[in-house]
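Here are my notes for your review. Please read them beside the model.

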There are 2 protein chains.
Amino acid sequence: MDAQLKRGLLDSCVLAAIRNKDSYGYQIIKDLKPYTELSESTLYTILKRLESAGMLTVRSAEHNGRLRKYYRITGAGTDRLREFREEWSEISAIAEFIIRECENDDKAGIS
Amino acid sequence: MDAQLKRGLLDSCVLAAIRNKDSYGYQIIKDLKPYTELSESTLYTILKRLESAGMLTVRSAEHNGRLRKYYRITGAGTDRLREFREEWSEISAIAEFIIRECENDDKAGIS
DNA sequence: ACGATATACATCGTAATACGAGGTATTATA
DNA sequence: TATAATACCTCGTATTACGATGTATATCGT
């Protein structure tokens with residue numbers, strides 16, 4: 001898929017993934033796989049960014065001798081998710097305009 | 001609005017704007033204003049990009065002593081619009097996942 | 001007559017970000 | 001005993017939306 005279309009979407013996507021339960025990198029990737037496959041380099045960049053922006057907090061924990069970093073969403077993070085919902089209605093309106101143009105073709109029978 | 005969310009959307013948006021009739025820069029901006037306000041610098045970058053990619057052709061014409069460059073969509077351009085429609089259903093699925101998480105809050109009555 | 005606004009094009013630099021390539025280390029599985 | 005899975009990380013690059021800025025003509029109000 002065109003990576004550009006996902007711009008700005010993934011931050012909120014990661015926030016949504018930790019919305020109801022704290023989670024860690026590897027788990028987030030698995031949870032999001034049905035929706036979008038994001039690479040580790042992409043995810044860790046996003047997690048760093050979200051942490052810097054105060055959207056989530058981090059806690060290190062040991063699990064079977066391996067390090068795990070659990071991420072928890074903050075109030076600012078949930079606010080951001082709400083903002084996303086509003087912005088998305090604007091984005092949808094743009095996309096619907098584009099798709100409407102495609103459908104005009106279909107109705108007119110143009111291949 | 002977050003500029004990142006518009007990434008990749010604007011190319012298709014401009015193609016949609018010239019889908020049914022040839023148009024020129026200034027007119028495209030006016031036509032798209034109800035959906036999204038894009039600056040001239042943004043538009044001309046996009047038009048150049050789409051031309052290089054063979055998505056549209058350009059024709060110069062004089063109008064009241066002023067230069068106008070009319071843009072016409074190509075077959076590759078209409079193909080691109082169809083591709084967009086397919087990609088958008090994937091993007092929508094991601095957005096719906098995010099929004100679903102927001103709505104869980106609302107149902108639970110969490111502020 | 002003259003300034004403001006609209007029309008119409010263009011370039012340059014910057015910030016943001018998705019991702020590939022590569023790295024480290026442990027545990028489980030075939 | 002390899003191979004995969006788990007689990008973290010950094011660096012560089014390509015893409016692109018946009019602000020700032022520039023050029024030039026037409027139109028409109030006062």
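1. Basis. This is a predicted model: local features need pLDDT of at least 70, side-chain atom pairs count only at pLDDT 80 or more, and totals for chains, interfaces and linings use all residues. Residues are numbered from 1 along each chain as its sequence is written, chains are lettered from A and ligands numbered from 1 in the order in which they are written, and side-chain values use heavy atoms, with hydrogens and water left out.

2. Surface near DNA strand C. It counts 30 residues, where near means a heavy atom within 4 Å. Arg7(A), Glu40(B), Tyr44(B), Arg68(B) and Lys69(B) are the closest. By class, 12 are charged, 10 polar and eight nonpolar; Asp, Glu, Lys and Arg count as charged, Ala, Val, Leu, Ile, Met, Phe, Trp, Tyr, Cys and Pro as nonpolar, and the others, Gly among them, as polar.

3. Elements. Chain A supplies at least two residues each from α1 (9-17) and α3 (40-52). Helices (H or I, at least four residues) and strands (E, at least two) are DSSP runs, numbered from the N terminus.

4. Backbone or bases? Still, a polar side-chain atom of Glu40(B) sits 2.5 Å from a base nitrogen. A backbone N or O atom of Tyr26(B) is 2.9 Å from a phosphate oxygen.

5. Sheet. In chain A, three strands form an open antiparallel sheet, ordered β1-β3-β2. β1 (23-24) and β2 (56-63) are its edges, each pairing on one side only. β1(A) and β3(A) pair over two bridges, and pairing requires at least two DSSP bridges. Tyr24(A) has Tyr70(A) as its bridge partner.

Definitions and conventions. Polar contact = N/O pair within 3.5 Å; in protein donor to acceptor, adjacent residues only side chain to side chain.
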